[in-house]
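Please keep the sequence and the coordinates at hand while reading.

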Amino acid sequence: MPRAFLIVIDSVGIGGAPDADQFFNGDLPDTGANTVAHIAETAGLRVPTLDALGLGAAVKLASGTDAPGLTQTPTGAWGAATEISRGKDTPSGHWELAGVPVPWDWTVFPDQTPAFPDDLTAEICAKAGTDGILGNRHASGTVIITEEGEAHVKTGWPICYTSADSVLQIAAHEDHFGLDRLYKLCTDLAPMLHGMKVGRVIARPFVGEPGNFTRTANRKDFAIAPPAATICDYVHDAGHTVHAVGKIGDIFSMRGIDDLRKGRDAKLMDHIHDLSAEAEDGAFIFANLVEFDSEYGHRRDPQGYAKHIEWFDAELAKLLPKLRTGDLLIVTADHGNDPTWPGTDHTRERVPILVHGIGAKELGQLAFTDVAATIATHLNVPYKGEGTSFL
């Protein structure tokens, strides 16, 4: 029985979203943002494996733009997918890829200081046992721990911040505040935030001393549960094993997931390589590689982003020969995060759909939900979600 691998390379958009003018970084609409094309133009991009699957062709299909250096004739199946959920965030993208567009508008905190309403701030203080919070504004996670980390260590107050996404992020020092205490704070706050239709509460632990604070790999997302069954549920309920790699378990609140493997991107690719040998017939391997987004997109680092895509391309070249006859592998993204774009937030873009295992063909313009429908068809499991299989 075949297996299905779905690898989401977080934020690797390809431009061309038809509603990009309705999404903003500050006052600038996302019209014209194109993560892959602009990285290729700015930093150069050598990704022969992804390009052979159809990355360059997908960029052209999505946006009408040629990405410099991505000129191969595809030997895989390729297309461009358009999101309909009213967000350019992680839960919206992943849920829709899994067959469930978001049926509501997310609550987003205003870009002002303070960003959080007084009752939420009071609740954070009550549950943290502190007299106040630090931050209380839109911010980059790496910047705010530099700006507020010393005060955090002195006062014990949690650093609370947000972005254009529907999110409350809480940064705290693993030693001075405590990792378990940070997790408990986020756990206790999550029901209130989810009731407000805020998509995620994210624990952002860090270590170090003033002038040298560093975030750790112990991030944990407390996400609102999907409002309907996803491809994870359908595969699990059909008796197949669902392996989650990276923050997939957090994004889907562990629903329909049998096996969870975590770490940073290099470790996550090791897990995927291991699962190519270990995963049983009929298994679904659902992976998210996040450092494209967190380390390079938000930090507006096109050179670092290019190197990370090239690293993934080399890892993908090693993975493809390990797949079994009949396996399906789909590489896609959940949104964009153009590192050449002003601001620090995600960008509204189409995403590539690159497929190994079904031959070379153009799939055309697709819906995000077509990914879930295709996986269900490939694994021969009953499916009542949205989307149309491209098999």
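## A buried glutamate

With a relative accessible area of 14%, E148 is buried, where buried means under 20% relative accessible area, exposed over 50% and partly exposed in between, with a 1.4 Å probe and protein chains only. E148 belongs to helix α6 (residues 141–155), helices (H or I, at least four residues) and strands (E, at least two) being DSSP runs numbered from the N terminus. Leaving aside residues up to four places away in sequence, E148 touches L134, G135, R137 and I159, and contact means heavy atoms within 4.5 Å.

The model is predicted, so that local features need pLDDT of at least 70 and side-chain atom pairs count only at pLDDT 80 or more, while totals for chains, interfaces and linings use all residues. Residues are numbered from 1 along each chain as its sequence is written, and side-chain values use heavy atoms, with hydrogens and water left out.

Strand β7 (residues 167–173) is mostly covered, since seven of its seven residues are buried. In a regular strand the side chains alternate between the two faces of the sheet. In β7, V167, Q169, A171 and H173 point one way and L168, I170 and A172 the other way, and all are buried.

Strand β6 (residues 159–162) pairs with β7 in the antiparallel sense over three bridges, where two strands pair if DSSP finds at least two bridges between them. The two strands β6 and β7 form a hairpin with four residues between them, and Y161 has Q169 in β7 as its bridge partner. β7 is also joined by seven bridges to strand β8 (residues 200–209), and these two run parallel; here A171 stands opposite R204 in β8.

## The eight-stranded sheet

Eight strands make an open sheet with mixed pairing, in the order β12-β11-β13-β1-β14-β15-β4-β16. Because β12 (259–261) and β16 (361–367) stand at the edges with a single partner strand each, one side of each is left without a neighbour in the sheet. From one strand to the next the twist averages 15°. Within this sheet, strand β1 (residues 4–9) and strand β14 (residues 328–332) run parallel and are joined by five bridges, with L6 opposite I330 in β14.

## Helices on the sheet and against each other

Helix α12 (residues 302–319) lies across β1, β13 (284–289) and β14, and runs at about 175° to β14; axes are lines fitted to C-alpha atoms, for helices over the stretch in contact, and angles run from 0 to 180 degrees between N-to-C directions. Helix α13 (residues 369–379) lies across β1, β13, β14, β15 (351–356) and β16, and runs at about 160° to β1.

Helix α1 (residues 35–43) packs with α12 at an angle of about 110°, the axes being 9 Å apart. The contact involves T35, I39, T42 and A43 of α1, together with P302, Q303, Y305, A306 and I309 of α12.

## Aromatic pairs

Ten aromatic pairs are found in a search of the whole structure; rings of Phe, Tyr and Trp (its six-membered ring) pair if their centres lie within 6.5 Å, and planes under 30 degrees apart count as stacked, over 60 as edge-to-face and the rest as tilted. One of them is the tilted pair of W95 and W106, at 5.7 Å centre to centre with 50° between the planes. W95 counts as buried at 0% relative accessibility.
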